[in-house]
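I opened this model with a few plain questions about its core, its sheet and its backbone, and I kept notes as I went along.

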Amino acid sequence: DELVIGARGFYRAKIRIPGKAGHTGMPTVKVQNAARVGADFITRLYSAWDLFTPTLKEDKDFPFGPGMTVTEVHSGTAFSVIPDLCTIFIDFRLTHICREHDIVKFLDSVVSQFKGSSSEKMDAWPAYTLPENHELAQGLGNAVEKTTGRILPRIYCGPSNIGNYLASFNIPATCGFGVVCENFHAADERIRIDTIELVYKVY
């Protein structure tokens, strides 16, 4: 239904929040439970994000804006042990307005509020967009029209793809014209096999 010719990028980070181990049954032990502090961190992170995003200028290519998702939380080893470390993984989605350095500055402002905590960059790809009249977009669009008789809109999407990686080397790419798929990255992610032949003919 659409030709995707650009996508948000991503910045992925790992947060380490320290605590102090101890026995959960000791009545007088008062130590920092890393899991509890980690929960406080996540709550404060989302609150800060809700205040941060309205300050950004509108991105005409990505009107839905940047994104942030806590994707993994790990802490603790046993029922009787107070966790001494909480590790949190965060996935940010980048736009032309909200770039990697903006996310690093935002994240550091929250991490610095938690003593001894640290942030580590895991990976990052920039957002990218091709002009609608770019030869790659035009070529693919012409092939779709010739094969199907339809003129499809060019759009910029939320999920990232290999085009983002190529863009970091100034190599232009489309996100492609692909089969119909449903439930991205869910347990029942799937494609409609009856759309494979059409896509094959377009290419």
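The entries below follow the order in which I looked things up.

**Entry 1: the source.** Before anything else I noted that this is a predicted model, and I read each entry below with that in mind.

**Entry 2: the nonpolar cores.** I asked which residues have the most contacts inside the largest nonpolar core. That core has 26 residues, and I found F41, L45, I88, I90 and F92 to be the ones with the most contacts inside it. I then traced the elements that give two or more residues to this core, and they are strand 2 (9-18), helix 1 (34-52), strand 3 (67-75), strand 4 (85-94) and helix 2 (100-111). Helix 1 gives the most, with seven residues. I also noted a second, separate core of 11 residues, which includes V4, A127, Y128 and L130.

Entry 3: I looked up the strand order and found an open sheet of four strands, ordered 3-4-2-5, with antiparallel pairing. Strand 3 and strand 5 (118-125) stand at the edges, and since each has a single partner strand, one side of each is left without a neighbour in the sheet. From one strand to the next the twist averages 15°. Going on to the pairing of strand 3 with strand 4, I noted that it is antiparallel and runs over eight bridges, and that E72 stands opposite F89 in strand 4. Helix 1 packs on this sheet, where it touches strand 2, strand 3 and strand 4, and its direction makes about 180° with that of strand 3.

**Entry 4: two backbone angles.** Most residues other than glycine have a negative phi, and I therefore wrote down the exceptions I came across. N170 has a positive phi of about 60° although it is not a glycine, and it is found in the loop between helix 4 (162-167) and strand 8 (181-182). N183 likewise has a positive phi, of about 55°, without being a glycine, and it lies in the loop between strand 8 and strand 9 (190-191).

**Entry 5: accessibility of these two.** Is N170 buried or exposed? N170 counts as exposed because its relative accessibility is 74%, whereas N183, with a relative accessible area of 35%, is partly exposed.

Technical notes: Residues numbered from 1 in each chain as written. Predicted model: local features only at pLDDT ≥ 70, side-chain atom pairs only at ≥ 80, totals over all residues. Heavy atoms only, no water. Core = buried A, V, L, I, M, F, W, Y, C linked by side-chain atoms within 4.5 Å. Buried < 20%, exposed > 50% of the residue type's maximum accessible area, 1.4 Å probe, protein only. Pairing = 2+ DSSP bridges. Axes fitted to C-alpha atoms, helices over the stretch in contact; angles between N-to-C directions. Contact = heavy atoms within 4.5 Å.
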